[in-house]
Amino acid sequence: MNSLEPLLQIVLHGLCTQPEGSLCVAYSGGPDSTALLHALAHLPEARKRGLRALHVDHGLNPESAKWSAHCLAVCALLGVHCDVKCAYVDRSGGIGLEAAAREARYAVFIEQLHEGERLVLGHHQDDQVETVLLKLLRGAGPEGLGGMREQRPLGRGMLWRPLLGIPRDVLREYVRAHALPYVDDPSNDDTRLARNHLRHHVLPPLKAYWPQAAASIAHSASLSRTAADTLQNEWSAALENLREDTTNSLDVTGWLALPAALREPLLAHWLHAQGLPAPTTVQRHQIERQCTAQDGQLPCIRWPGAEVHVWKKRMWAMVPRKPSTWTDALHWQGEPLRLPDGGLLTLEPDAKLPVALNIHCRQGGERIKPAGDRHTRDLRSLFQTGAIPPWQRDTCPLLYEDNVLIAVADRWLSERAETMFRQAGARPRWQSPPSNPSPGD
C-alpha cells in the first residue's frame, strides 16, 4: 500500500478542496482514467459523494464495443456504476477528426452531467505540457499558453482535473503496481496527429536534454494562466460594453480600439460562448482588416466550424450555413411550419388562415407592394433599407397566394395579406434558422 499512497494522497487532498457534490469520472478505459477511477474508488470520501463513471463510445474504432464492455466490467469489479453513451462524431465540419470527436464527447458530458456534479478527468502534467506546446506553435497568447484549467463550469456542473500536477509516469506506475487492465487505443500511436508527434518524437529528446522541461513548461503555463485571468477582468468589462444582447453582435470600432492583449481573448471568448472555434492568428488578422471595410461591402471570414460577418459596423458569428434554397413550394395555413433550412413560420396567436398559402424561398427579382406604400418595391432594396442581415436574406420565406407575392416573412405585408391576417386575428412570425450550436467545450 505504501507505493499507492502518493496518488491517493494527492487525489484525497484535491477532493477535500472541492465543494459538496457528486463525482463522475470520464472513463475512457485508458491507463490514466483507469488509475484515477481506481484511486477514487478506494477513497471512502469519494464513495460518499456518489462516485460513478461515464464512458463515451465514439464508434470510430471497430473495437469500441469491446472497450465499452471492458469499462462496464472494470466498474462492476470496483462496485462503481458506469453509464455508456454513444457519441455522434460529425466529420463534415472541416475541423479534423480529433476535434470533431472531442466536440462529440463533450456534448455527451454536458448532457449527462447532473446538477452540481463534478466531471473528473485524468489529464496529467504531460498532457498539459503537450497542450501548451501545441498552443505555442499555433501562436497563442496568455490564455492559450495557460493550458488546461484545473476546473471550470461545464453544463450543469463543473469540470475538474485533479492530476494536472502529476507526471504520466506516476499514473503508469500505479497501474502496473495494481496490475490494472486497461484499453490500448492504437490511435495514440498515430504520429500523423500533432499531439502524438509531440509525445513520441519531440518531447523525449527535449526531456533527455532538459530533464526539468515538463515541470518548467507546466510552471510557465501556471504563470500564463494567472496573467490571462488578470487580463480577463479587463476584457470582460469591455465585452459588456461592446456586445448587444438582442443580436449578440460586437461593435467592431470599439473592439479594434482595444489593445491586442484584450482584443484576442475577448474575441475567442465571444466565439466559444456560442459554441464556435476561435480563429488562428492569420484568420484573426483577416477579421481585423475586414472590420475597416467601407459601407456597402459585406465581409465574411470563414474557417472550419465558424464564420464571422461584418455589417453595419458590427460583427456577427455563426456556424457556416449551407445554401437554404428549396425547389418545391410548401403549403401553409397557419400551423407551425418547419422550413427546410431550419427556420420556423408560425401564427401568433394560434389560428387558421381562410386559404392555404404557398411558401417559396427567394430566387431573385421578386417584388411586393407593402401595405401603405404607394410603390411596388423589389426585395433587394427592401432588405437593404430594412436592416435584414445579408446572411438571412436567402432564408426569408416568401408567402404567395395564387402566384402573387403577398408577404415577405413577417416583415412586409401587402394590403391583401394585412386583410387576411386581420381576419384570422393573428400575425405571422418567422424565426430564422439558428445561427449556432449549443455551447460546448
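Tutor: The model is predicted: local features need pLDDT of at least 70, side-chain atom pairs count only at pLDDT 80 or more, and totals for chains, interfaces and linings use all residues. Residues are numbered from 1 along each chain as its sequence is written, and side-chain values use heavy atoms, with hydrogens and water left out.

Student: Why is His 55 called buried?

Tutor: Buried means under 20% relative accessible area, exposed over 50%, and partly exposed in between (1.4 Å probe, protein chains only). His 55 has a relative accessible area of 3%, and is therefore buried.

Student: What makes the pair His 55 and Ser 68 a polar contact?

Tutor: The term requires a pair of N or O atoms within 3.5 Å; within protein, one must be able to donate a hydrogen and the other to accept it, and residues adjacent in sequence count only if both atoms are side-chain atoms. The side chains of His 55 and Ser 68 are joined at 3.4 Å.

Student: How do you know that the length of helix 4 agrees with expectation?

Tutor: Helices (H or I, at least four residues) and strands (E, at least two) are DSSP runs, numbered from the N terminus. The expected span is 1.5 Å times one less than the number of residues. For the 15 residues of helix 4 (residues 64–78) this gives 21 Å, and the end C-alpha atoms are 21 Å apart, so the two agree.

Student: Which residues of helix 4 are exposed on the face turned away from its buried side?

Tutor: That face carries Ala 65, Lys 66, Ala 76 and Leu 77.
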